[in-house]
Amino acid sequence: MARLTGGQALVQSLLKEGVDTVFGIPGIQLDWAYDALYAERDRIKVVHTRHEQATAYMADGYARTTGKVGVYLVVPGPGVLNTTAALSTAYSTNSKVLCLTGQIQSDSIDVGRGLLHEIPDQIGLLRHLTKWAASPRTPAEIPGAVHEAFRQMKSGRPRPTAIEVPLDVLAAEREVSLGEPLPAVLESGDPAALQRAAEVLGKAERPLILAGGGVIAAEAWAELLALAEALSAPVVMTNNGLGAVPSSHTLGFPALALPHLLPDADAILAIGTRLIQGGGRPVTPPTGVPFIRIDADGGQFFRGGAPTIGIVADAKLALASLVDLVGSSNRSRPDRSPELAALKSMIAEDIGTIEPQGSFGRVLREEMPDDAIFVGESTQVGYWLQSSGLTIDKPRSFLTSGYQGTLGYGFPTALGAQVGNRNKRVISINGDGGFMFNVQELATAVQHEIPLITVVFDDGAYGNVRRIQQNQFGGRTIASELKNPGFAALGEVFGLQGLRATGPDELRQALRDALAHQGPSLIEVPVGRMPIIAQHLQSRAAARA
Ligand SMILES: Cc1ncc(C[n+]2csc(CCOP(=O)(O)OP(=O)(O)O)c2C)c(N)n1
Ligand SMILES: [Mg+2]
């Protein structure tokens with residue numbers, strides 16, 4: 001027991017959980033919490049931003065590239081509301097983000113007097129956007145709430161959590177016991193079901209594995225590769241699961257491979273995936289083919305295709321069991337390597353021949369180090385990277401916005417990734433539209449010396465939207481043209497290295513200059529209209545047929 005303010009109890013509990021970085025913006029309800037952070041400034045780095053949305057995006061980028069919990073601390077009401085697009089992105093990507101926020105004084109919550117930053121039912125709002133949320137009402141309750149939040153994020157399906165603390169609770173000094181981190185609860189899966197699954201997979205001649213973000217979240221990549229190699233089974237990764245198996249491995253495939261591999265599979269294992277493909281269509285296994293699903297969240301089973309064998313389990317534990325169990329009953333299989341290699345080169349050719357995306361994308365891969373972290377956006381070159389243009393050989397080295405498709409997430413998420421990975425290079429790929437959602441965070445890159453490389457492809461439009469208006473709505477373009485600043489010059493004004501590259505060759509040189517530079521760089525790339533990837537792929541397929 002120690003006498004602590006609520007603010008000190010919060011910060012000491014975070015330290016118990018190993019937190020070394022907090023993203024945030026202070027304000028009157030949080031003064032006691034920030035003062036407690038001041039006292040621990042040698043152990044916890046506070047990264048403040050220019051808008052709350054960036055605090056949550058940075059926490060998400062930090063969490064998804066390190067495997068640690070990303071923490072942010074913002075004022076209640078408008079402050080926490082500013083973070084909700086990022087919080088829903090973290091929810092859709094199973095990201096371990098802890099939202100910490102204040103609250104008006106505890107005796108006035110939901111009375112509706114209209115106190116500063118008051119909103120009705122803030123905790124209800126937070127519950128809708130997280131896996132678990134709590135509202136401690138005394139300093140003594142704070143450590144328990146923090147430890148439970150961390151336990152929730154480490155157990156089962158990871159998703160964001162939230163804690164709101166009223167300002168009088170942060171200020172009050174009481175006897176507080178700090179407690180200890182709580183053990184995670186991970187399901188190992190029903191042994192009989194795992195045994196049956198191993199038999200089905202072992203007997204199959206052409207087994208197929210579908211891997212989603214759950215494999216990355218559970219750090220199950222080594223077990224997945226061991227099982228895939230034991231079964232000689234190709235692994236199709238969803239965008240969120242990219243990196244689960246190296247894309248340069250014979251068995252590693254992007255989602256584009258699914259239509260080629262699914263029809264001939266004679267047993268399917270889907271692990272940590274919602275089983276949704278492009279356009280929101282469900283992945284439907286061929287009828288009569290044994291279909292095994294493993295997920296930390298059993299609620300997934302009724303939403304996607306109902307499995308023949310459904311196992312609620314942590315991906316790492318279940319895959320490790322399957323590797324063991326499949327050993328004895330595993331048959332020998334005809335060599336599929338020529339077929340799989342042909343499929344790989346067909347996909348590479350299909351996606352590689354779309355221009356200018358292909359040339360830009362190849363330059364990005366060639367110039368960035370092998371272990372670089374790429375953060376995409378809802379922009380043309382970003383789509384190309386995630387459609388399998390980019391070779392992704394390491395888990396946690398490629399981030400998407402998951403099913404939120406949140407325009408503007410990329411730049412601040414990449415800043416957070418760079419904060420968590422000081423020893424790696426991180427690159428953020430943006431369109432002019434999405435980048436300006438968080439352009440003010442250029443100041444954050446400079447202030448906190450975050451050496452991120454940021455590329456902005458400037459087509460003077462919400463290009464995606466403009467193209468749809470031009471192609472499907474008789475050219476009636478509305479609200480899609482953009483008048484932009486010169487981005488390289490803008491970067492210089494903020495204190496970054498500003499670079500301008502016209503075309504892929506100049507982008508190569510600009511990347512070399514950015515990599516040689518100590519601080520953050522912003523590369524402006526003026527571009528014209530780019531062709532639609534889906535149409536390009538359709539015409540390639542039609543030409544083959
Ligand atoms: C939060 C949010 N608002 C709006 C959209 C709709 N939207 C998707 S792509 C896009 C345009 C993107 O423009 P830009 O970033 O310049 O990329 P480009 O398509 O031009 O390459 C818009 C408005 C979205 N996905 N998310
Ligand atoms: Mg654009």
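At what angle do the axes of helix H3 (residues 52–66) and helix H5 (residues 84–92) cross? In this predicted model, the two axes cross at roughly 20° and come within 7 Å. Angles under 35 degrees count as roughly parallel, and H3 and H5 are therefore roughly parallel to each other. On the H3 side, the contact is made by Gln-53, Ala-56, Tyr-57, Asp-60 and Arg-64. Helix H5 contributes Ala-85, Ala-86, Thr-89 and Ala-90. Sorted by class, the residues in this contact of H3 with H5 are 5 nonpolar, 2 polar and 2 charged.

Attention can now turn to the strands. An open sheet is built from 6 strands, which follow the order E3-E2-E4-E5-E7-E6 with parallel pairing. Strand E3 (45–48) and strand E6 (132–134) stand at the edges with a single partner strand each, so one side of each has no neighbour in the sheet. On average, and with direction ignored, neighbouring strands of this sheet are turned by 20° against each other. Ala-134 has Ile-163 in E7 as its bridge partner. Helix H6 (residues 122–129) packs on this sheet and touches strand E5 (97–103), E6 and E7. The direction of H6 makes about 170° with that of E5.

Strand E9 pairs with strand E12 (residues 267–271) in the parallel sense over 5 bridges, and Ile-209 stands opposite Leu-269 in E12. Strand E9 also pairs with strand E10 (residues 235–237), again in the parallel sense, over 3 bridges. Here Ala-211 stands opposite Met-237 in E10.

The magnesium ion (ligand 2) is coordinated at 2.0 to 2.2 Å by Asp-432 (OD), Asp-459 (OD) and Ala-461 (O). The pair Asp-432 and Asp-459 links distant parts of the chain, 27 residues apart. Asp-432 belongs to helix H19 (residues 432–435), while Asp-459 lies in the loop between strand E20 (453–458) and helix H21 (463–472). Along the sequence, the donor residues follow the spacing D-x26-D-x1-A. Both Asp-432 and Asp-459 are buried.

Note on methods
Residues numbered from 1 in each chain as written. Chains lettered and ligands numbered in written order. Predicted model: local features only at pLDDT ≥ 70, side-chain atom pairs only at ≥ 80, totals over all residues. Heavy atoms only, no water. Donors = N, O, S within 2.8 Å, 3.2 Å for Na, K, Ca; no water. Helix = DSSP H or I, 4+ residues; strand = E, 2+ residues; numbered from the N terminus. Buried < 20%, exposed > 50% of the residue type's maximum accessible area, 1.4 Å probe, protein only. Pairing = 2+ DSSP bridges. Axes fitted to C-alpha atoms, helices over the stretch in contact; angles between N-to-C directions. Parallel < 35°, antiparallel > 145°, perpendicular 65-115°, else oblique. Contact = heavy atoms within 4.5 Å. Nonpolar A, V, L, I, M, F, W, Y, C, P; charged D, E, K, R; others polar.
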